[in-house]
Amino acid sequence: MAAPGENLRIDPARLWESLMEMAKIGPGVAGGNNRQTLTDADAEGRALFRKWCEEAGLTMGVDSMGNMFATRPGEDAQALPVYMGSHLDTQPTGGKYDGVLGVLGGLEAIRTMNDLGIRTKHPIVVTNWTNEEGTRFAPAMLASGVFAGVHTQDWAYGREDAEGKSFGDEIKRIGWVGDEEVGARKMHAMFELHIEQGPILEAEGKEIGVVTHGQGLSWTQVTITGKDSHTGSTPMPMRKNAGLGMARVLQLVDEIAWSHAPHAVGAAGHVDVYPNSRNVIPGRVVFTVDFRSPELAVIKDMEERLKAGAREICDEMGLGVEFEKVGGFDPVTFDEGCVAAVRGAAERLGYSHMNIISGAGHDACWINRVAPTAMIMCPCVGGLSHNEAEEISPEWAAAGTDVLLHAVLETAEIVE
């Protein structure tokens, strides 16, 4: 495959303008975004993306999970397409770049190809995957998971948000149920550009992260049951404090993660306490333990130690405990050929780079099961993400998109 010339670059100002325009949809309260999946804001963001794609001469396809596929034709109608993309949905207090950079970076790559009259053997497709964040409808990466055969569509449609609204009802409500069968599309390869969401690239002074692996993830929902009673009149020996049990289990979670340092991590980000009153000892708590590691054996060890240790803690305190696996995926090794295309692009363009393991889950982790896949990362300030203060520089965005453009063109094969 012929490599593109090193002088081939995207239009940084146009990319940045697109990012800022999309950020106006579903604004947050502190400078970021609240464009949760299948909300009216999500529908508005999708409509803007579709408009931009059509203006770029792309043909839009949508499947029944709402995944959007904007296609630029190739010279060989029989050649499988090269995909690039990420997601437009955000956390409730999300930033302007998480996921969005990968979608609009893909669109900018197409615009650059159009500007320069570049033709490719393989078609090229820009994708917006539905509900990557999983913040409204768990689990994360839901629609790419259905595409890859990890979940069934019926199961996905039945997922409910905190208000009891189902995914299936909400995607119909906002009008984004497409007519394509999910997963029917075949891919030559897929590339996902994303901000790092961690501090490593910035700390190392590198412009590009060449993602070789993705951490595995395990979400275990823990329910501890005690007895809610008055905080003032219940004697200490007679208390069955579910909140205290949770505190001790969370200390255990931290100890387990540290025992597998430096690559394993663990914490609980979701906590519900009942009845959540100032003068009532908690009678029930529900929380989700998030363990991650690039090694499957480590994840399994952390899961087993959590269950054994939590049972011991709760038995000693006279509390009940139940466990439910509510999400997870095995560690990912990305395709060697696609990773080499990313590394070669960074070298050709003169960008400083390093190999990196993704600490977060991404749609590419599921798509890697059905097609050769790789990821490109750019730094983010302070490693901060899933926060309205999330920030990147226009230069970082441009560098990542330049590498995306080159890796995709090399894989899609430029026609002279």
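Modeller: Keep in mind that this is a predicted model. Its largest nonpolar core has 101 residues, and Met-113 and Phe-191 are the ones with the most contacts inside it.
Biologist: Which helix gives the most to this core?
Modeller: That's helix α12, residues 394–412, with 11 residues in the core. Apart from that core lies another one of 22 residues, including Ile-224 and Cys-314.
Biologist: Back to Met-113, what is it in contact with, leaving aside neighbours within four places in sequence?
Modeller: Arg-72, Met-84, Ile-118, Ile-124, Leu-405, Val-408 and Leu-409.
Biologist: New topic. Which residues does the UniProt "binding site" annotation cover?
Modeller: The unreviewed UniProt entry lists His-87, Asp-98 and His-194. They're spread over 108 residues of sequence but cluster in space, with a largest C-alpha distance of 9.7 Å.
Biologist: Where is Asp-98?
Modeller: In the loop between β3 (82–86) and α3 (100–116).
Biologist: Is Asp-98 buried or exposed, and why?
Modeller: Buried, because its relative accessible area is 5%, and the cut-off for buried is under 20%. The Asp-98 side chain also makes a polar contact with the side chain of His-87, at 3.3 Å.
Biologist: And His-194, where does that lie?
Modeller: In strand β6, residues 189–195. His-194 counts as buried too, because its relative accessibility is 1%. A polar atom of the His-194 side chain lies 3.3 Å from the backbone nitrogen of Gly-99.
Biologist: What else does His-194 contact, beyond neighbours within four places in sequence?
Modeller: Among others, His-87, Asp-98, His-362 and Cys-378.

Technical notes:
Residues are numbered from 1 along each chain as its sequence is written. This is a predicted model: local features need pLDDT of at least 70, side-chain atom pairs count only at pLDDT 80 or more; totals for chains, interfaces and linings use all residues. Side-chain values use heavy atoms; hydrogens and water are left out. A nonpolar core is a set of buried Ala, Val, Leu, Ile, Met, Phe, Trp, Tyr and Cys residues joined through side-chain atoms within 4.5 Å. Buried means under 20% relative accessible area, exposed over 50%, partly exposed in between (1.4 Å probe, protein chains only). Helices (H or I, at least four residues) and strands (E, at least two) are DSSP runs, numbered from the N terminus. Contact means heavy atoms within 4.5 Å. UniProt positions are given in the numbering used here, feature names are shortened, and annotations may be inferred rather than shown by experiment. A polar contact is a pair of N or O atoms within 3.5 Å; within protein, one must be able to donate a hydrogen and the other to accept it, and residues adjacent in sequence count only if both atoms are side-chain atoms.
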